[in-house]
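Thanks for coming, everyone. Let me put the structure up, and then I'll walk you through it.

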Amino acid sequence: MFRARSRLLIAVLAGVSFTPGCGDEEVVVPDPTPPDLTGTYTLQSFTSALDPGTTLLPPEVSGSFTVQQTAVAGGEATGTFTSDLTLPFSGNIVELPGTGTYVNRLDGTWEQEFLTGPLVQLSPQQTGTYTFENSVLTVVVEQPPLSASTTVWRRQ
C-alpha cells in the first residue's frame with residue numbers, strides 16, 4: 001500500500017511539475033506608479049510652521065483642492081490643481097485661491113507651483129512630502145520656510 005501511494009504521489013507531482021504550457025508565459029509586472037490623486041478634496045486641517053502648536057480645523061478654516069492627473073512616467077505623476085483656502089491670520093480672514101501644477105512621486109516627495117493666486121508673489125514653488133491613504137491626502141510643504149505647512153484633505 002505504501003508503494004502504491006508513493007507511486008501515485010510521484011505521478012501526481014510529475015504531472016504538476018511537467019505539465020506542458022505551465023510556466024511558459026512570462027509574467028509582466030507593471031512598473032509601480034504613484035497614486036492617482038485625481039478628485040476634489042475638502043480641507044480637514046491646516047497647520048502652519050509659523051505656529052506648529054496650533055492645528056486649525058473647520059469651521060475655523062475651510063478649503064477645497066481639485067486635482068487632475070495629466071501624466072505618469074518614471075515613478076512620478078504630474079497634473080494640475082485649483083485650490084481655495086480660507087484661514088484666519090492676524091485677526092482677519094484670508095482667502096488664498098490659486099491654480100497650478102503638481103508632481104507626486106513614488107518616494108513620497110511632492111512639488112507644487114502656483115501659476116495664479118496670491119502665493120505667486122510670495123512663494124510660487126513649494127516642495128515637501130505627501131501621503132495618500134483611505135482617501136486622505138496629507139501634503140507637508142517644507143520649502144520655502146515661510147510656506148511650510150501641513151494640510152490634510154479628504155477626497156469626496
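Of the 156 residues in the protein chain, 31% are buried. Buried means under 20% relative accessible area, exposed means over 50%, and partly exposed is in between, with a 1.4 Å probe and protein chains only. A word on where this comes from: this is a predicted model, so local features need pLDDT of at least 70, side-chain atom pairs count only at pLDDT 80 or more, and totals for chains, interfaces and linings use all residues. Residues are numbered from 1 along each chain as its sequence is written, and side-chain values use heavy atoms, with hydrogens and water left out.

Now the overall layout. The protein chain has two helices and nine strands. These are DSSP runs numbered from the N terminus: helices are H or I with at least four residues, strands are E with at least two. Along the sequence the pattern reads α-β-β-β-β-β-β-α-β-β-β. Next, contacts, meaning heavy atoms within 4.5 Å. Take those between residues at least 6 apart in sequence: 40% join residues at least 24 apart.

On to the largest pocket. How much space lies in it? About 850 Å³. The search runs on a 1 Å grid over the protein atoms alone. A pocket is an open set of points where a 1.4 Å probe fits, with protein on both sides within 12 Å along at least five of seven lines. Lining residues have an atom within 4 Å of a point. Grid points are joined across faces, edges and corners, and the volume is the space filled by probe spheres set on the points.

The largest pocket is lined by 32 residues, and Phe46, Ser48, Leu87, Leu96 and Leu146 are the closest to its centre. Strand S4 gives the largest share of the lining, six residues. Other elements supply at least two residues each, including strand S1 (39-48), helix H2 (119-122) and strand S9 (149-155). By class, the lining has 21 nonpolar, ten polar and one charged residues. Nonpolar here covers Ala, Val, Leu, Ile, Met, Phe, Trp, Tyr, Cys and Pro; charged covers Asp, Glu, Lys and Arg; the others, Gly among them, are polar.

Next, salt bridges. The rule is a side-chain nitrogen of Lys or Arg within 4 Å of a carboxyl oxygen of Asp or Glu. How many are there by this rule? Two. In one, Arg105 pairs with Glu76, and the closest N and O atoms are 2.9 Å apart. That pair links distant parts of the chain: Glu76 sits in strand S4 (residues 76-89), Arg105 in strand S5 (residues 92-105), 29 residues apart. In the other, Glu111 pairs with Arg105, again with the closest N and O atoms 2.9 Å apart.

Now some loops. Start with Ser147, between S8 and S9. Is Ser147 buried or exposed? Ser147 counts as buried because its relative accessible area is 14%. Its side chain makes a polar contact of 3.3 Å with that of Gln126. A polar contact is a pair of N or O atoms within 3.5 Å; within protein, one must be able to donate a hydrogen and the other to accept it, and residues adjacent in sequence count only if both atoms are side-chain atoms. Leaving out residues up to four places away in sequence, Ser147 touches Ser123, Gln126 and Val141.

Ala49 is in the loop between S1 and strand S2 (55-56). Ala49 is partly exposed, at 40% relative accessible area. Ala49 and Ala148 are 99 residues apart in sequence, yet 5.2 Å apart in space, C-alpha to C-alpha. Beyond its neighbours within four places in sequence, Ala49 contacts Ala148 and Ser149.

Last, the backbone. Most residues other than glycine have a negative phi, and most peptide bonds are trans. Which peptide bonds go the other way here? The one from Pro58 to Pro59 is cis, with omega near 10 degrees. Gln143 and Pro144 are also joined by a cis bond, with omega about -5 degrees. Ser90 has a positive phi, near 50 degrees, and lies in the loop between S4 and S5. Asn134 has a positive phi too, near 55 degrees, in the loop between strand S7 (125-133) and S8. Ser90 counts as exposed at 64% relative accessibility, and Asn134 counts as exposed at 64%.
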